[in-house]
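These are my notebook entries on a structure that I had not examined before. I set down what I looked up, in the order in which I looked.

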Amino acid sequence: MSALAVGAGFGAATSLVNALSHTYADLESRAYTTSGWSIAEIMSVLLDSGWAWAGLAVAVGWLVTHAKESRPTALARGGAAAGALALLAATAAYSIVDTIHSGAQFPWYESEPPVWWVASVVFGAPLGAVGACAKRPGAIGLLARLTVPVGAAVQMVVLPPGRNEVVETIGKTIVWAVAAASIGFVVVRFLLERRRRSLAGADSP
């Protein structure tokens, strides 16, 4: 239920922000088309990016995992199911809100190409498993926690967001800054925890 609720909330919010960004867009203006931007459009670019949807699956996988659970198979199963359900719910909510907002006559479940429904399961399951592994100690947990910020930074190089150079620059700057801060925080925390465990082991008889 948590995975479904979080996913639905994310999908609905993304659709609403996209719609809001369109109300501020004056695409008939050459100046706005080439260099214009709005806060709503920047939020839309960030929420509707691949890394953000991937981050949703990872976050939900982490959210539904019990901290005391140590069995890797149980972590993977629970996180995988949660990640897939979250992306399916997000896709459904996005489609429903989009259909309502546009006043379309066709069913909401036909508003999105089938590839997005398939991708929700194909990518949501492994990403949810990654999120579940984020609570594990050691290198596995570290790599899992670095997945989203590293993936977001890479996407800014391979597929930067935005319809013009200004929006693209703002989007890349925000994502790179947050990704760098997140990577630094995760690595420093990992090193501190590792040092604390080493000291605790050295002090034990």
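**Entry 1: Helix α4**

I began with helix α4 and listed its buried residues: Ala 52, Trp 53, Gly 55, Leu 56, Ala 57, Val 58, Val 60 and Gly 61. I note at once that the model is a predicted one.

I then checked the length of the helix. Helix α4 covers residues 50-63, and at 1.5 Å a residue its 14 residues should span 20 Å. The C-alpha atoms at its ends lie 20 Å apart, which agrees with that expectation.

**Entry 2: The chain as a whole**

I next looked up the secondary structure of the protein chain and found eight helices and zero strands. Read from the N terminus, the order of elements is α-α-α-α-α-α-α-α.

The protein chain has 205 residues, and 38% of them count as buried.

Of the contacts between residues at least 6 apart, 71% join residues at least 24 apart.

**Entry 3: The nonpolar cores**

Which residues touch the most other members of the largest nonpolar core? I found Phe 10, Trp 53, Leu 56 and Val 60, in a core of 14 residues. Helices α1 (2-24), α4 and α5 (72-102) each supply at least two residues of this core. Helix α4 gives the most, with six residues.

Leu 56 is in contact with Val 6, Gly 7, Phe 10, Ala 86, Leu 87 and Ala 90. Another core lies apart from the largest one; it has seven residues, among them Ala 152, Met 156, Val 167 and Val 175.

For context, I note that nonpolar side chains tend to be buried together in soluble globular proteins.

**Entry 4: The aromatic pairs**

How many aromatic pairs does a search of the whole structure find? I recorded two.

Phe 10 and Trp 53 form an edge-to-face pair, with 5.3 Å from centre to centre and 85 degrees between the planes. This pair links distant parts of the chain: Phe 10 is in helix α1 and Trp 53 in helix α4, 43 residues apart. Phe 10 has a relative accessible area of 17% and is buried. Trp 53, with 15%, is buried as well.

Trp 53 and Tyr 94 also form an edge-to-face pair, at 6.2 Å from centre to centre and with 70 degrees between the planes. Trp 53 lies in helix α4 and Tyr 94 in helix α5, so this pair ties together parts that are 41 residues apart in sequence. Tyr 94 counts as buried at 13% relative accessibility.

I therefore noted Phe 10, Trp 53 and Tyr 94 as a cluster, because the cut-off for a ring pair is centres within 6.5 Å and ring pairs link these residues.

**Entry 5: The salt bridges**

I turned last to charged side chains. Side chains of opposite charge can pair when their charged atoms come close. The structure holds three salt bridges.

Glu 41 forms a salt bridge with Arg 163, and their closest N and O atoms are 2.6 Å apart. The partners come from distant parts of the chain, 122 residues apart: Glu 41 is in helix α3 (residues 39-47), and Arg 163 is in the loop between α7 (138-158) and α8 (165-203).

Lys 172 forms a salt bridge with Glu 168, the closest N and O atoms being 3.5 Å apart. These two residues are four apart in helix α8, and therefore about one helical turn separates them. Lys 172 counts as buried at 19% relative accessibility, whereas Glu 168 is partly exposed at 24%.

Glu 193 and Arg 189 meet through their side chains in a salt bridge, at 3.3 Å from N to O. Both lie in helix α8, four residues apart, about one turn of the helix. Glu 193 counts as partly exposed at 22%, and Arg 189 counts as partly exposed at 48%.

Methods. Residues numbered from 1 in each chain as written. Predicted model: local features only at pLDDT ≥ 70, side-chain atom pairs only at ≥ 80, totals over all residues. Heavy atoms only, no water. Buried < 20%, exposed > 50% of the residue type's maximum accessible area, 1.4 Å probe, protein only. Contact = heavy atoms within 4.5 Å. Expected span 1.5 Å × (residues − 1). Salt bridge = Lys/Arg side-chain N within 4 Å of Asp/Glu carboxyl O. Core = buried A, V, L, I, M, F, W, Y, C linked by side-chain atoms within 4.5 Å. Phe/Tyr/Trp six-rings, centres within 6.5 Å; stacked < 30°, edge-to-face > 60°. Lists of a residue's contacts leave out its neighbours within four places in sequence.
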